Amino acid sequence: NRCDAMSTVYNQYTRNDEICDLCKYLEDPDCRIQNFFLNVDPEYLSDVIASIDKNNSITSLGIYHYGFENHALLMLSSSLKTNYTLREIVLNDIRDEAAVALATNLKTNIVLQSVYLGESFIGNRGGIALAESLKTNNTLQELDLRENNIGDDGAIAFAESLKTNNTLVCLCLTDNNIGYVGEIALVKSLGSNISVSSKNLL
C-alpha cells in the first residue's frame, strides 16, 4: 500500500487524476501519512480538504501559495471540531473571514499546538477573533501571524488575551501594521504573562 510507505508528503498536484489518487490515499483507513504539505490548484482544494476530514493519521498539514477560496477554508476550519490528530497547520494567503472561522473552532479545539497563518491578508477583524480564541484555548503553543495587516486594535486584543493565557509560548506579529499604541500594549502584557517570549513578538 502506497500510503504505508509515506510518512511525509510534499508535492504539487495539478491534474485531476493525481487529485483522485491523492484523495483515495488520504481516505484509506490504513493510510500512515503524518506530515502532509502541498500546493494544489484551488479547483481541487475542497476535494482534498474533504478527504483530510476523513483521515486519522495526519498530524501536520501545510497548504501553500495558491489563492484560497473562502468555502474551502471554512470547510477546513469546521473539520477542526471533530479532528483529533492534527497538531500543526500551515496556511497562507487567507483573509479575515477564514481567520474568524478558524478562531471560532480554536476556542474549543484541544489538539492543535501550532498554527502558522503568515504571509496572508488578515486584518484587525481576524486578529481580534484569533486573540479572543486564546482566552479559552489551552493547548495552542505557537501562533505565527507574521506579514499580515493586523493593526493596533488587533495588537491590543492580543495583549488582553496574554494576560490570562499561559499556554502560548510563541506569538509572532512581525511585519504587521502595529503602531506605538499596540506595541506598548503588547510589551506591557508580557509583564503578567509567564510563558510567551518577547522574541519574534514584534
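These questions and answers walk through a predicted model of one protein chain. Local features need pLDDT of at least 70, side-chain atom pairs count only at pLDDT 80 or more, and totals for chains, interfaces and linings use all residues. Residues are numbered from 1 along each chain as its sequence is written, and side-chain values use heavy atoms, with hydrogens and water left out.

Student: In what order do the elements of the protein chain run from the N terminus on?
Tutor: Helices (H or I, at least four residues) and strands (E, at least two) are DSSP runs, numbered from the N terminus. The chain has seven helices and seven strands. From the N terminus on, the order is β-α-β-α-β-α-β-α-β-α-β-α-β-α.

Student: What percentage of the 202 residues count as buried?
Tutor: Buried means under 20% relative accessible area, exposed over 50%, and partly exposed in between (1.4 Å probe, protein chains only). Among the 202 residues of the protein chain, the buried share is 52%.

Student: What share of the contacts with a separation of 6 or more joins residues 24 or more positions apart?
Tutor: Contact means heavy atoms within 4.5 Å. Take the contacts in the protein chain with a separation of 6 or more. Residues 24 or more positions apart account for 83%.

Student: How many Å does helix H1 reach from its first C-alpha to its last?
Tutor: H1 covers residues 16-27, twelve residues in total. The expected span is 1.5 Å times one less than the number of residues. That gives an expected 16 Å, and the helix comes close to it, at 17 Å.

Student: Which residues of H1 are buried, and how wide an arc do they cover around the axis?
Tutor: An α-helix has 3.6 residues a turn, so residues three or four places apart point the same way. In H1 the buried residues are Ile 19, Leu 22, Cys 23 and Leu 26. They sit on the same side of H1, because their arc (taken from the directions from the helix axis to the C-beta atoms) is only 100°.

Student: Is Tyr 25 buried or partly exposed?
Tutor: Tyr 25 is placed in helix H1. Its C-alpha is 9.2 Å from that of Asn 55, 30 residues apart along the chain. With a relative accessible area of 22%, Tyr 25 is partly exposed.

Student: Which residues does Ser 46 contact, leaving aside neighbours within four places in sequence?
Tutor: Ser 46 lies in helix H2, residues 42-53. At a relative accessible area of 17%, Ser 46 is buried. With those neighbours left aside, its contacts are His 71, Ala 72 and Met 75.

Student: What does Gly 62 touch, not counting residues up to four places away in sequence?
Tutor: Gly 62 lies in strand S3, residues 60-63. Its relative accessibility is 0%, so Gly 62 counts as buried. Phe 36 is 26 residues away in sequence, yet 6.3 Å apart in space, C-alpha to C-alpha. The residues touched are Phe 36, Phe 37, Leu 38 and Val 90.

Student: What is the phi of Glu 119?
Tutor: Most residues other than glycine have a negative phi. Glu 119 sits in the loop between strand S5 (114-116) and helix H5 (124-133), and is partly exposed at 41% relative accessibility. Its phi is positive, near 55°.

Student: Where does Glu 147 lie?
Tutor: Glu 147 also has a positive phi, near 55°. At 39% relative accessibility, Glu 147 counts as partly exposed. Its place is the loop between strand S6 (142-144) and H6.

Student: Which helices are among what covers the buried residues of H5?
Tutor: The buried residues of H5 are Gly 126, Gly 127, Ala 129, Leu 130, Ala 131 and Ser 133. Their cover includes helix H4 (96-106) and H6.

Student: At what angle do the axes of H5 and H6 cross?
Tutor: Axes are lines fitted to C-alpha atoms, for helices over the stretch in contact, and angles run from 0 to 180 degrees between N-to-C directions. Angles under 35 degrees count as roughly parallel, over 145 as roughly antiparallel, 65 to 115 as roughly perpendicular and the rest as oblique. H5 and H6 are therefore roughly parallel. Their axes come within 8 Å and cross at roughly 0°.

Student: At what angle do H6 and H7 pack?
Tutor: H6 covers residues 152-162 and H7 residues 180-189. The two helices are roughly parallel to each other. Their axes are 8 Å apart, at an angle of about 10°.
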